[in-house]
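Q: I'm new to this one. Could you walk me through how to read a few of its features?

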Amino acid sequence: MSSIEAAAQVANMYDTVLILDFGSQYSHLITRRVREAGVYCELLPCTQKISELKFKPKGVILSGSPYSITDEGAPHVDPAVFDLGVPILGICYGLQEVARNLGGETSLAVKREYGHAELTLDPQADHHSYKLFQDVPSPTNVWMSHGDHLESPPKDFVIIGSTDTSAYAAVAHNTLPIYGIQFHPEVTHSVDGTIMLRNFVVGICHCEANWTMSSFIDKELERIRTLVGPTGSVIGAVSGGVDSTVAAVLMKRAIGDRFHAVLVDNGVMRLNECAQVKKTLSDNLGINLTVADASDLFLGRLKGVTDPERKRKIIGNTFIEVFESESYKIDEISRQKGLGPIEWLLQGTLYPDVIESISFKGPSATIKSHHNVGGLLENMRLKLIEPLRELFKDEVRALGSILEIPDELVWRHPFPGPGIAIRVLGEVTPEQVQIARLADNIYIDEIKKAGLYRQISQAYAALLPVRSVGVMGDQRTYEQVIALRAVESKDFMTADWFPMPYETLKRISNRIINEVKGVNRVLYDVSSKPPSTIEFE
Ligand SMILES: Nc1ncnc2c1ncn2[C@@H]1O[C@H](COP(=O)(O)OP(=O)(O)OP(=O)(O)O)[C@@H](O)[C@H]1O
Ligand SMILES: O=c1[nH]c(=O)c2[nH+]cn([C@@H]3O[C@H](COP(=O)(O)O)[C@@H](O)[C@H]3O)c2[nH]1
Ligand SMILES: NC(=O)CC[C@H](N)C(=O)O
Ligand SMILES: [Mg+2]
């Protein structure tokens, strides 16, 4: 079964809203808002053929787009969407696309409208459009971002809201549940946008609001059991990070001892991390975890390599090899116990990873190759199982708490698969890794002592291979530099640097320079993402 089919299975278990993505920057926010309303939804490219859908949506939302509807090559929806007979909501470009299909007229606006606007509501009391604006005051503040607008709406449409500059800021079909809005309800600047989206999915599409993490657990356990069957075995790539830990606990609940977790020690994990993860996962969560020590293999292959992309590729490929050889070892043990061989590979893939790769334009420019998700797959005989594929990070954390995974694990900062190798700039040697490791350990320790760990989304120490002059104990030193990074971020796609208190910085810097040999200077990184990224490489 492909992962698309697996996702469709989830969509068939819940009332599902289909969101068609025309490439707007905010498409994933629509998904978030609908999920927050307790309704499951799937974001698919706008080019999705309706006849090839693997589930029956209870409603459809058409997103915004960077394209102008009149552009040559502008994306268009499969017209069959209008024959589904379910409610449709067009947002911005989506509204224009509704008009294009149903006989309205769109033109270039005289003036681009970008920012706040006051929307005056005008739904007739006996009109079904009333439901879209239920509990929304008039006027209400909405957020606009468009150049084109409706010149005239299609036949049988009425105006249900307008602003000073947009006569057709909100329209609805007279009898059918088809709506179009020029503003973006999904961004927080549209103060009542969340209510409108909830009204659409619950009030108009009649979706049951039962997308909660506890209902997800029951259904997911059932899905995993059916997928794996009564004798199938699963190997899990488990790092001790939030995602793979939650995935592992679910899998263990679903199939017990037929789940085999493997942590790869790639030589670039944090201080004592492998031993700690092994202990926590085995002792506290009862997970059968093997640590595969491949540190010499990884470090040997990284010798002399300085290019960040090459480091990532080497690590990604080596992960594959180690997994394959581990799965053969486990097969042998399973055979002795009379159980089937490993057929499945569990991964902690999240929804943002999936979203990033589904754009109708194809994936965006490669900024950095994420080590594993794609990489692990190549040449693997194993089929993928990704229980968290539908979830955002905060949903995974909620799930982790319900599964009674300890808070220290649920709230751990993300740690990338290529680990310290992409935090030691330049060549990765065991000595350099050790310097970065010790500095990082002090940094995180002090952040925890200061009670700041939960406020920060991700923090780590990077080692810069440049030397500067210092003076210690009246001696001249000529040593390397540690850069401290700490960011706040909701989705790790954008991030702000964290305003670390000076007192904390003072303690950290003092401890690192005193305790870590080879470092005589500590810097604090004040770059946001974009234009920087969270990791240095
Ligand atoms: N050292 C490792 N050993 C085994 N699997 C790994 C290792 N590092 C990463 N992985 C696999 O790669 C996946 C992606 O890594 P990623 O860092 O995004 O997730 P995570 O480690 O589970 O959680 P977190 O985002 O909190 O670090 C993991 O879910 C896990 O399946
Ligand atoms: O599992 C992973 N494998 C990788 O190859 C990888 N590269 C970056 N990251 C994590 O992704 C988030 C965004 O990082 P960047 O701003 O550096 O792209 C941050 O949370 C990074 O730690 C990775 N995680
Ligand atoms: N945000 C949008 O969907 C914009 C749609 C279209 N590009 C316009 O300018 O009107
Ligand atoms: Mg990780």
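This is a predicted model: local features need pLDDT of at least 70, side-chain atom pairs count only at pLDDT 80 or more; totals for chains, interfaces and linings use all residues.

Q: Where does Asp 440 lie?

A: Look in helix α13, which covers residues 430-449.

Q: And which residues does Asp 440 touch, leaving out those up to four places away in sequence?

A: With those set aside, Asp 440 touches Arg 270, Ala 459, Tyr 460 and Ala 461.

Q: Okay, now sheets. How do I read one?

A: The general idea is that strands of a sheet pair through backbone hydrogen bonds, either parallel or antiparallel. Here, five strands make an open sheet with parallel pairing, and reading across you get β12-β11-β10-β13-β14.

Q: Which are the edge strands?

A: They're β12 (289-293) and β14 (383-385), each of which pairs on one side only.

Q: How many bridges join β13 to β14?

A: Three, and the two strands run parallel; β13 spans residues 342-346. You can pick out a bridge yourself: Trp 344 has Lys 383 in β14 as its partner.

Q: Which helix packs on the sheet?

A: Helix α6 (residues 242-255) does, touching β10 (233-237), β11 (259-265), β13 and β14. The direction of α6 makes about 155° with that of β11.

Methods. Residues are numbered from 1 along each chain as its sequence is written. Chains are lettered from A and ligands numbered from 1 in the order in which they are written. Side-chain values use heavy atoms; hydrogens and water are left out. Two strands pair if DSSP finds at least two bridges between them. Helices (H or I, at least four residues) and strands (E, at least two) are DSSP runs, numbered from the N terminus. Contact means heavy atoms within 4.5 Å. Axes are lines fitted to C-alpha atoms, for helices over the stretch in contact, and angles run from 0 to 180 degrees between N-to-C directions.
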